[in-house]
Amino acid sequence: MLYIDTHTHLYDGQFGDDSEAAVKRALDAGVGKMIFPDIDSTTREAMFGLASKFEGTVYPCIGLHPTSVDSGWKENLDEIEGLAGNGNIRAIGETGMDCYWSREFVREQEEAFERQVRLACRLGLPVIIHSRDATELIFSVLERCRTLSPRGVFHAFSGSAETFRRMERYGDWYVGIGGVVTFKKAGIAETVKQIPLERIVLETDSPYLTPAPHRGERNESAYIPLIAAKIAAQKGITVEEVAEVTTENARKLFNI
Ligand code: NI
């Protein structure tokens, strides 16, 4: 069985000297490929450094995380646009909008998100969307970019089946399902039954959103099989089928 972790920050400072070992533990657990979404200019060097040590296994992305949008966002985006054409880059992200942590730069977040969607379309790349308390704003940007046919993934999807169907009207979109699906009483554990496997990709969002039974610990890509097992149980299918279909989805989405 081969899994792909489509959203993991193993280059995060929380891993320190353990980041290379964390990639190797993932490989040992059957997670054969990993996508590293970018955060901002402060994490980029660590991301590219770790990705270059595992070429063909780890794929970097480039983007400005919505919670990193501040008064310097335009300069940050200029830099991103300069780097995005690099052949190793597999997606623009993570981008999107986050009105949970702060609404101080909500207008700037919206502009930065739209510019990144347009950049992705220009380069033929998928977009990794972070959406928190911002569903309507996200859809309004996608509406404005509709004629460009953006595609990508709603990372850490926690929306309803209705939100999923709405997303489908915008074309070729996947949902990223992670550790939250293993939490007791998580809504997504029910919603996932109504989302076709052909639209799901697996992700950990390491070091965050650690699946059961490791909640409270640092998350890492080696825990992907726990997420796959929970999706299989919820859908009443085999874990082999979850691995096969979600891996094929991730290959198509990120061209890996
Ligand atoms: Ni993330």
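This is a predicted model: local features need pLDDT of at least 70, side-chain atom pairs count only at pLDDT 80 or more; totals for chains, interfaces and linings use all residues.
User: What is the handedness of the β-α-β unit made by β6, α6 and β7?
Analyst: Helix α6 covers residues 161-168. Together, β6, α6 and β7 form a β-α-β unit that is right-handed.

User: How many bridges join β5 to β6?
Analyst: β5 spans residues 127-132 and runs parallel to β6. One of the contacts pairs I129 with F154 of β6. The number of bridges joining β5 to β6 is 4.

User: Through which helix does the chain cross from β5 to β6?
Analyst: β5 and β6 are parallel partners. The β-α-β crossover between them is right-handed. The helix on this path covers residues 135-144 and is α5.

User: Is A156 buried, partly exposed or exposed?
Analyst: A156 sits in the loop between β6 (152-155) and α6. Its phi is positive, about 50°, although A156 is not a glycine. Most residues other than glycine have a negative phi. Buried means under 20% and exposed over 50%, so A156, at 30% relative accessibility, is partly exposed.

User: Is K185 buried or exposed?
Analyst: K185 belongs to the loop between β7 (173-177) and α7 (187-191). K185 is not a glycine, yet its phi is positive, near 70°. The cut-off for exposed is over 50%. Relative accessibility is 88% for K185, so K185 is exposed.

User: What is the peptide bond from S206 to P207, cis or trans?
Analyst: Most peptide bonds are trans. P207 lies in the loop between β8 (200-202) and α8 (224-235). Omega for the bond from S206 to P207 is near 5°, and the bond is cis.

User: Where does P213 lie?
Analyst: The peptide bond leading from A212 into P213 is cis. Its omega is near 5°. As for location, P213 lies in the loop between β8 and α8.

Conventions
Residues are numbered from 1 along each chain as its sequence is written. Side-chain values use heavy atoms; hydrogens and water are left out. Helices (H or I, at least four residues) and strands (E, at least two) are DSSP runs, numbered from the N terminus. Buried means under 20% relative accessible area, exposed over 50%, partly exposed in between (1.4 Å probe, protein chains only). Two strands pair if DSSP finds at least two bridges between them. A crossover is right-handed if, with the strands pointing away from the viewer, the path from the first strand over the helix to the second runs clockwise.
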